[in-house]
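Subject: Structure handover

Hi,

Here is the structure for your files. Please open it alongside this note. My findings follow below.

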Amino acid sequence: AGLSAPPSVLVAATEALGEHGALVGGLAAALDDELPLAARDGGFVRAGYSTPLDDQRALRDSSRQHIAGLQARYAEETGIASLKVKHNNVLGYFVELGASHAERLMEVGKEAAAERYGLIHRQTMANAVRFTTVELSELDDAIARAGERALALEIEVFEALVADVLALSEEIARAARALAELDVAAGLAELAVRARYVRPTLSEAPVFRIRGGRHPVVEAVLDDGPGAFVANDCDLSGTPAGEAGAAGGGRLWLVTGPNMAGKSTFLRQNALIAILAQIGAFVPADAAEIGVVDRLFSRVGAADDLARGRSTFMVEMVETAAILNQAGPRALVILDEIGRGTATFDGLSIAWATVEHLHETNRCRTLFATHFHELTRLAARLPELSCHTMRVKEWNDDIVFLHEVGPGAADRSYGIHVGKLAGLPGAVVGRAEEVLHLLEAGDQAGALTRLAEDLPLFQAAAAAGAANPAPAADPLRALLAGADPDTLTPRDALDLIYRLKAVLDG
């Protein structure tokens, strides 16, 4: 259910899986349940699969039991309970007896002891004597080599299994491809059901009609569940605006609107919907009719290539040039902020010419996001250009991004507001608003001259002076300043007190 393809595709994939029972059974019988990372580590052949391998493993892993068995037999044959079988790096495994027991044993002579018990003298110590036996020497050598032999036998088993697999390599590759197809189909089907995707209609006509389109990744990371992502329509079919069912007309949409309002998300979601539709997947939308896209071009983001001598703007221009030189009528193009890396008029001029070339020469379906609101004037003479904007709501000296796309053009970019949200200092935000108001008031050249002369430093000082005016004259101080205590008569002093009280009272 997750593919826009006939059921025969799934049937063919299922048939291509083939039958591999003999190979699978052989591998299951040979390989252990827990496997090492590399064959050279050994331990991957199942116990019971190879008798010679099992013998070597038993010898390697149960050497203590073998030695303990020999020690018990030697003690019983000699009648010496204290007999021990030990090991060191010089002698290997050896039989050790206390000096008194060894002396009694050797009274019959070394040759007789060797003949009767198989003991061969190796070393005499102060308190002990050490012997070996042919059997012990062979066991010592076998134990030392058992690990190497076990690994060599496992490698032989591994090579035989590899040969069995290679003999069926074509059938296995065919089954792997079929499994991959079924895995993709199942994954897309599950996603379509879980995320409410719809089956798109593919067409040979150059249409692109999306109703209620969503960005698959942004929608997936939202925590608010279904409906949290604001869906938007998009129609790049070249339908004249005003026709029944038309979303605004034009195969070239000029999308304006504030920063953070969702322009880039809108561009990307439509490109992703086109890709999903053409790989056979359902798409995140309420409905979708898409004409075949032979090439999809994307010019988004900002990046440099300094190692090759390319600035951010140069990379932008190289990518834009590739689009303008290669896009054809069946292409889908998304362009985000062309011309932003240079001077305002240079950037506007490049963006203007790019829009004209896409409309007149490439004639492809295009979403063009920009902050150059002047480009909306092109709608008057380019019939396939349609202006759309990201809606915002101003409320209590703030703005709310609605993330909705609608007909029309934005008159502001709200960049200063975004800077405020990012944490620019209040003084910087305030000064930026003043500069913006002056530039929007009229003559830009004159405004720039006034701004250069009216430096913020002096403006701040003037503002500080206005906030702290000079104190008004104090009549009490004036009266006291005019009085000379040394020359005042008692009558004059009394009169001064009355005048001061009158000032206070009134």
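At what angle do helix H3 and helix H4 pack, and how far apart are their axes? H3 (residues 51-61) and H4 (residues 63-78) pack at about 70°, and their axes lie 5 Å apart. That makes H3 roughly perpendicular to H4 (angles under 35 degrees count as roughly parallel, over 145 as roughly antiparallel, 65 to 115 as roughly perpendicular and the rest as oblique). Axes are lines fitted to C-alpha atoms, for helices over the stretch in contact, and angles run from 0 to 180 degrees between N-to-C directions. H3 brings Ala58, Leu59, Arg60 and Asp61 to the contact, and H4 brings Ser63, Gln65 and His66 (contact means heavy atoms within 4.5 Å).

Some ground rules. This is a predicted model, where local features need pLDDT of at least 70, side-chain atom pairs count only at pLDDT 80 or more, and totals for chains, interfaces and linings use all residues. Residues are numbered from 1 along each chain as its sequence is written, and side-chain values use heavy atoms, with hydrogens and water left out.

The overall picture

The protein has 18 helices and 14 strands. Both are DSSP runs numbered from the N terminus: helices are H or I with at least four residues, strands are E with at least two. Of the 506 residues, 34% are buried (buried means under 20% relative accessible area, exposed over 50%, partly exposed in between, with a 1.4 Å probe and protein chains only). Take the contacts between residues at least 6 apart in sequence: 63% of them join residues at least 24 apart.

The antiparallel sheet

An open sheet of 4 strands runs in the order S1-S2-S4-S3, with antiparallel pairing. Two strands pair if DSSP finds at least two bridges between them. S1 (84-88) and S3 (120-124) are the edge strands; each has a single partner strand, so one side of each has no neighbour in the sheet. On average, neighbouring strands here are turned by 40° against each other, direction ignored.

S1 pairs with S2 (residues 92-98) over 5 bridges, in the antiparallel sense. Lys86 has Phe94 in S2 as its bridge partner. Helices pack here too. H4 lies across S1 and S2, at about 135° to S1. H7 (residues 134-167) packs on the sheet and touches S1, S2, S3 and S4 (128-132). The direction of H7 makes about 140° with that of S2.

Strand S11

How many residues of S11 (residues 332-336) are buried? The count is 5 of the 5, so S11 is largely enclosed by the rest of the structure. In a regular strand, side chains alternate between the two faces of the sheet. Both faces of S11 are covered. Leu332, Ile334 and Asp336 are buried on one side, Val333 and Leu335 on the other.

S11 has parallel pairings. With S10 (residues 296-299) there are 4 bridges, and Phe297 stands opposite Val333. With S12 (residues 365-369) there are 5 bridges, and Leu335 stands opposite Phe368.

Tyr49

Tyr49 sits in the loop between H2 (21-30) and H3. Its relative accessible area is 40%, so Tyr49 is partly exposed. Leaving aside neighbours within four places in sequence, Tyr49 contacts Ala29, Ala30, Asp54 and Val157. Tyr49 and Leu31 are 18 residues apart in sequence and 8.7 Å apart in space, C-alpha to C-alpha.

Best wishes
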